[in-house]
Amino acid sequence: MIKKTVFKYILHIGLILTGFSLSAQNPIIQTKFTADPAPMVYKDTVFLYTSHDEDDAFGFKMKDWLLYTSTDMVNWTDHGVVASLKDFKWTDPENGAWAPQVIERNGKFYMYCPMPGQRGIGVLVADSPYGPFKDPIGKPLVKNSGDDIDPTVLIDDDGQAYLYWGNPNLWYVKLNKDMISVDGPVVKDPSIAKVKGSPDPFHYQEGPWAWKRTGNYYMAYASTCCPEGIGYVMGKSATGPWEYKGMIMDSDKRSNGNHPGIIDYKGKSYVFGFNYNLGKQTISKHYERRSICVSELIYNADGTIQKLPFWNPEGVKRITTMNPYEKVEAETIAFSEGLKTEKMTEWERNNPYDTGKKITDRMVVSSINNGDYLKVQGVDFSKGTKFLEVSIASINSGTIEIHTDAVDGPILGTVQVTRKAEGDVFKTIKSPVKNIKGVHDLYFVFKGNKDLFYFDWWKFSSN
């Protein structure tokens, strides 16, 4: 408990020294280390696929890919591991799950993943953006050179799909309509290719991201190394020739690497990347423990992109509200401190020799200790409030204080968790709360003496 308290004090001081505040939104994920953002808009939702740095990583220690979703750009729901190196039976399953991208075509979802040890680029397919993803070909889709990392995909208006990748050169190949086989030779892009002894006006390094918007073709990428900024080029076709247009974000010593992911969503444009801020709150040396950030992207009238400052702590503005009268997963978080998330399976477990039937799989908030909190933004209490229900599996007794609009703001209500030694059994606790209306941010602040409980979901009612 002493170690935990000291850690929290150091973390709080780190927030102040690094320019964070309790209203911070960047990095957008705080419960895990995430990198290489691959956002995809599908129907009304942003699906954010990420690579994942392990908590004890020194260099790149990456075994799987994660998924987060949002409909408002500020509250992100953790869906856990969506795919891993183990889904490719022909590669090393232990390390090397680098930057992926997922794209939808004809109701199927294709995930392109670089393989460790120069084994090429693989592809997984799913019938849902949530997975499960499976390997349809059992071998590399592309195996070309030591540059085979960081795939990105563009489907042009005529239906032709292109796969791009590479460090330190940019390569591309056409894909067939099945999206799991190639059409024609692999091409080294001549306009961005590294030519020994010649100047490099593009400063291309790695992490390409291809997209098309209002008739213009774009390629953003990690520029120079190291540190890496985000540069971009424009062209009149999916294969160039590319013209260097400048930097979306200059390099900054606070972030050794970068990797852009760019989308249009609900009338706005966004660029995702990463920094090292969360890790640097508690450690002074360089470790590959990265954290995804997002900023709004602004286009000029001619299609060029306005340069952004380095990832601002405030992040982006909320674009819709949250409904508190239906179940909200506790792992839907705008910002948090001290918490983790994990997948749990609840079993019947009627006797010591048999797990019994599986009750359900859950993603839950875990590692909950005294003073930890989670924040959700923009909760619309249009009907007022009378009760709050929470689903909890209690390790030790404690309380949840629900504050409005600030971590130390007015208390809407307090949930008393009186049970203990029930960390494998989820129960619903219903507590009265004050009546409130309007749109508010909520802070769930946890109080108690030691490891408290697992938190599954919450829901308000007006009667």
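What share of the contacts in the protein with a separation of 6 or more is between residues 24 or more positions apart? The figure is 61%, where a contact means heavy atoms within 4.5 Å.

Before the rest, some ground rules. This is a predicted model, in which local features need a pLDDT of at least 70 and side-chain atom pairs count only at pLDDT 80 or more, while totals for chains, interfaces and linings use all residues. Residues are numbered from 1 along each chain as its sequence is written, and side-chain values use heavy atoms, with hydrogens and water left out.

Confidence next. pLDDT is the predictor's confidence in each residue, from 0 to 100. The protein averages 91, and 93% of the residues score at least 70. Residues 1–22 have a pLDDT below 50, and this stretch has 33 contacts in the model beyond near neighbours in sequence. Where pLDDT is low, the predicted coordinates should not be read in detail.

Now the overall fold. The protein has two helices and 30 strands; these are DSSP runs, numbered from the N terminus, with helices being H or I of at least four residues and strands E of at least two. The radius of gyration is 23 Å, close to the 23 Å from the globule rule for 463 residues, so the protein is as compact as a globular protein of that length. That radius is taken over C-alpha atoms, and the rule is 2.2 Å times the number of residues to the power 0.38. Along the principal axes, the C-alpha atoms fill a box of roughly 70 × 55 × 45 Å.

Of the 463 residues, 56% are buried. Buried means under 20% relative accessible area, exposed means over 50%, and partly exposed is in between, with a 1.4 Å probe and protein chains only. The accessible surface comes to about 19,600 Å², and carbon and sulfur atoms hold 51% of it; areas come from the Shrake-Rupley method with a 1.4 Å probe.

As for charge, there are 54 positive and 55 negative charges, and their mean positions are 3 Å apart. Lys and Arg count as positive, Asp and Glu as negative, and His and the chain ends are not counted. Each charge is placed at NZ of Lys, CZ of Arg, CG of Asp or CD of Glu.

Some backbone details. The peptide bond from Gly131 to Pro132 is cis, with omega near 5°, and Pro132 sits in the loop between strand 7 (121–126) and strand 8 (152–155). Another cis bond runs from Asn167 to Pro168, with omega near 5°; Pro168 is in the loop between strand 9 (161–165) and strand 10 (171–175).

Which way does phi go at Lys43, positive or negative? It is positive, about 55°, although Lys43 is not a glycine. Lys43 lies in the loop between strand 1 (33–42) and strand 2 (45–53) and is exposed, at 71% relative accessible area. His203 also has a positive phi, near 55°. His203 is in the loop between strand 11 (182–188) and strand 12 (204–213), and is partly exposed at 35%.

Lys174 is in strand 10 and is partly exposed, at 35%. Leaving aside neighbours within four places in sequence, Lys174 contacts Gln160, Ala161, Tyr162, Val182 and Asp183. Cys225 is in the loop between strand 13 (216–223) and strand 14 (229–235), partly exposed at 47%.
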